[in-house]
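Please look over the sequence and structure before reading on.

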Amino acid sequence: MSDASLPRTERVDFRATSDPALQEGADRGEVNLLSYRELYWLWERQHWAVQDLDFTQDRIDWHERIGAEERVARMGGLSAFFVGEQRVEAELGPLMRAVPDEDARIFLSTQIADEARHVVFFDRFYSEVGVLESDELSSRLEETAAHLNDDFTRLFDEMLKSRADRIAAVPDDLETTVEFVTLYHMVIEGMLALTGQHFITDFNEAAGTLPGFVDGFTKVARDEHRHVAFGARFLREMTQRDPRYGVAIQRTLTEVLPIAEGVLRPKWVPDDVGDDEMLFGATLNQTRAFAAQALQRRLKVIGLLAAA
Ligand SMILES: [Fe+2]
Ligand SMILES: [Fe+2]
């Protein structure tokens, strides 16, 4: 079977990242996480370019095949990604400086480049497909932010930003560094981004819409699996170094998971849509279950959850 015809979570190039969410062995805590240097080598092999994507059919689909009401709902879902990518790109610098390992710092330098590429991917999609009226990046971000909910703002502009500010000021505060990676790599990338990407891509593939977007978004998802694999490696090393870092991970999850839940149910979802009702090809409960399994597998590999 060629790689492209496999279910996305079974793709060889996705599994090559060593993200525990993609390996059944993680249920038993058995995953061989790549080292920081191996993740860097993989980054070199998994390069792609936004300028190579072709959005010609996407523009036709958006304006001629997708109705006005569905466009508004889809835009709501995509806005969280566009603004989310910009936020994580803008907040990652302090972590690169704070990590106590040179190979980890090298990997994080590649991740900053990836996050910049993800922002440019959305910017090019929005501009070439004609999703918004605005004509440059900062005004497009402002226009699209209107679709975000309060939980999104709390998660990114308060919880993430305050920790980035703290490690920028005190780079040897390893406890806050661990909290930051828990929120950034485990929750924002691992639970929210990869879950949304999985279901949005499935929906477009089934509907036969937005082929250029699907192509680019799949490459974004592969980058995210690599980032999450880095996060799992880092958190496992820190937990093994000192159990108090494991406590910091648990404490952060307790604080942020209720807010993350609110991001999974965005404000364009009408109040009367039940948790088991189909919406864009999946129910809210299905998306929650997907996100929860991914988190559990990673926590087992980090050593914070008993293996099955
Ligand atoms: Fe990203
Ligand atoms: Fe990322």
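The sections below describe a predicted model.

## Packing of H4 and H6

Two packed helices are described by the angle between their axes and the distance between the axes. For helix H4 (residues 68–91) and helix H6 (residues 102–129), the axes come within 8 Å and cross at roughly 150 degrees. Angles over 145 degrees count as roughly antiparallel, so H4 and H6 are roughly antiparallel to each other. Their crossing is left-handed.

On the H4 side, the contact is formed by Phe81, Phe82, Glu85, Gln86, Val88 and Glu89. H6 contributes Glu115, Ala116, His118, Val119, Phe122 and Tyr126. By class, the residues of this contact between H4 and H6 are seven nonpolar, two polar and three charged.

## The largest nonpolar core

The largest nonpolar core contains 78 residues. Within this core, Leu155, Leu183, Val187 and Leu235 have the most contacts. Helix H9 (residues 174–207) gives the most to the core, supplying 12 residues.

Leu155 is in contact with Leu160, Val256, Ile259, Ala260 and Val263, leaving aside neighbours within four places in sequence.

## Arg236

Is Arg236 buried or exposed? Arg236, which lies in helix H10 (residues 211–241), has 21 other C-beta atoms within 10 Å. The cut-off for a buried residue is 20 or more, so Arg236 is buried.

With neighbours within four places in sequence left aside, Arg236 is in contact with Leu33, Val301, Ile302 and Gly303. Arg236 and Leu304 are 68 residues apart in sequence, and their C-alpha atoms are 8.7 Å apart in space.

Note on methods: Residues are numbered from 1 along each chain as its sequence is written. Chains are lettered from A and ligands numbered from 1 in the order in which they are written. This is a predicted model: local features need pLDDT of at least 70, side-chain atom pairs count only at pLDDT 80 or more; totals for chains, interfaces and linings use all residues. Axes are lines fitted to C-alpha atoms, for helices over the stretch in contact, and angles run from 0 to 180 degrees between N-to-C directions. Helices (H or I, at least four residues) and strands (E, at least two) are DSSP runs, numbered from the N terminus. Angles under 35 degrees count as roughly parallel, over 145 as roughly antiparallel, 65 to 115 as roughly perpendicular and the rest as oblique. A crossing is left-handed if the near helix is turned anticlockwise from the far one by less than a right angle, and right-handed if clockwise. Two residues are in contact if their C-beta atoms, placed from the backbone, lie within 7 Å. Ala, Val, Leu, Ile, Met, Phe, Trp, Tyr, Cys and Pro count as nonpolar, Asp, Glu, Lys and Arg as charged, and the others, Gly among them, as polar. A nonpolar core is a set of buried Ala, Val, Leu, Ile, Met, Phe, Trp, Tyr and Cys residues joined through C-beta atoms within 7 Å. A residue is buried if 20 or more other C-beta atoms lie within 10 Å of its own, exposed if 12 or fewer, and partly exposed in between; C-beta atoms are placed from the backbone.
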